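Here's a quick tour for anyone meeting this structure for the first time. Have a look at it, then read on.

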Amino acid sequence: MTHPLLDLPPLTAARFAGIERRVAALLDTEQDVVITQGEALLPLEGCIRGGARPGSAALNVVTGPYGKTFGDWLRDAGAEVTDLAVPFHGAVTAEQVERALAEHPEIDFVSLVHAEAATGNTNPVAEIGEVVRAHGALFMLDAVASVAAEPLLPDAWGVDLCVIGAQKAMGGPAGVSAVSVSARAWERMAANPAAPRRSYLSLLDWKERWIDTGRAALPHAPAQLEMLALEACLERIDADGLDAVIARHRAAATATREGALALGGGLEPYVYEARDAAPVATTLRVPAGTDATALVARALALDPSVPLVAGGGALAKEMVRVNHYGPDADPAVVARSLAALGTALSE
Ligand SMILES: *Cc1c(COP(=O)(O)O)cnc(C)c1O
């Protein structure tokens, strides 16, 4: 008997290219889209190692844990790195980025995380893109936690390298990811002798062996099941309508923020201003004397179905994350999450 996951016909080049076109449509981009065959950290590292080199100067905006990782990769690639760190309870402003660029005119690469699921904030990319473009630097955006949760327009915003993953608001698989690459970014990578080649991290390999040869033959066997899951999740987003998916996430975030305050147990939004709060996930600060990890464990014991996790690393004691993304961007899930937290708090 044939098995639905095992006995599949090979994924054709034409179907692979069709999935790329669907991703390009989702991002409303004319840029080349590469579907990278691994979790989103793969294209993120590929962008940094292709775009930065010894002698590069990078501005790395840190609004959460991913920014720290990007800074490490940039330094490892030999770049001179200026970190612009802002408190995790807010967003970076275009003025702060503009000031940092004015202080360091040599900066030729800017890395930014759009929304941070880990800290619950989101940054004003459209305005930041304007000042980065005026300065002339290459602009890399980690949009893994923003795609399908809030508007994301790499072309309109002047993003040169826009990385997405399907595992958050898209409600799709984690094992493949994608990056849109501007003509400027391709030129930068092609001129970089240190850019990865014949390597899993190489975006240039995909350009030379796949895009420039007319997408006729795949350079190696794709992650077939993950590609099919990505196609299915793109079809589902199309059927629901991207605007409706975004609205669902926005509504879940608002309901969580307001509901947590209404609980009255001392939970507070971790991100001070609602406009800086990411639609993908809501972070909450627990009352003094409460341990967030223990609180989440009690809430999950009451209702194992709710998407609650404690903050990572240093935030494990003070932060609760409500991961209301993908299928969990749903008022019923938010209500159950708050109910479980409320009961756990009163215990
Ligand atoms: C989730 C996420 C990623 C991908 O990381 P995983 O922990 O492997 O899911 C990358 N960047 C950001 C901003 C994310 O929120």
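## Two domains

The centres of domain 1 and domain 2, taken over C-alpha atoms, are 28 Å apart. Domain 1 covers 13-239 and domain 2 covers 242-346, with bounds from an automatic or database domain assignment. Where they touch, 22 residues come from domain 1 and 21 residues from domain 2, with contact meaning heavy atoms within 4.5 Å.

This is a predicted model, where local features need pLDDT of at least 70, side-chain atom pairs count only at pLDDT 80 or more, and totals for chains, interfaces and linings use all residues. Residues are numbered from 1 along each chain as its sequence is written, and side-chain values use heavy atoms, leaving out hydrogens and water.

## Around the ligand

Which residues sit around the ligand? They're Glu39, Tyr66, Val113, Ala115, Ala117, Asp142, Val144, Ala145, Gln167 and Lys168, each with a heavy atom within 4 Å of it. By class, that's six nonpolar, one polar and three charged residues.

The protein covers 80% of the 370 Å² of accessible area that the ligand has on its own (Shrake-Rupley method, 1.4 Å probe).

## From the record

An unreviewed UniProt entry places "domain: Aminotransferase class V" at residues 75-271; such annotations may be inferred rather than shown by experiment.

Definitions and conventions
Ala, Val, Leu, Ile, Met, Phe, Trp, Tyr, Cys and Pro count as nonpolar, Asp, Glu, Lys and Arg as charged, and the others, Gly among them, as polar.
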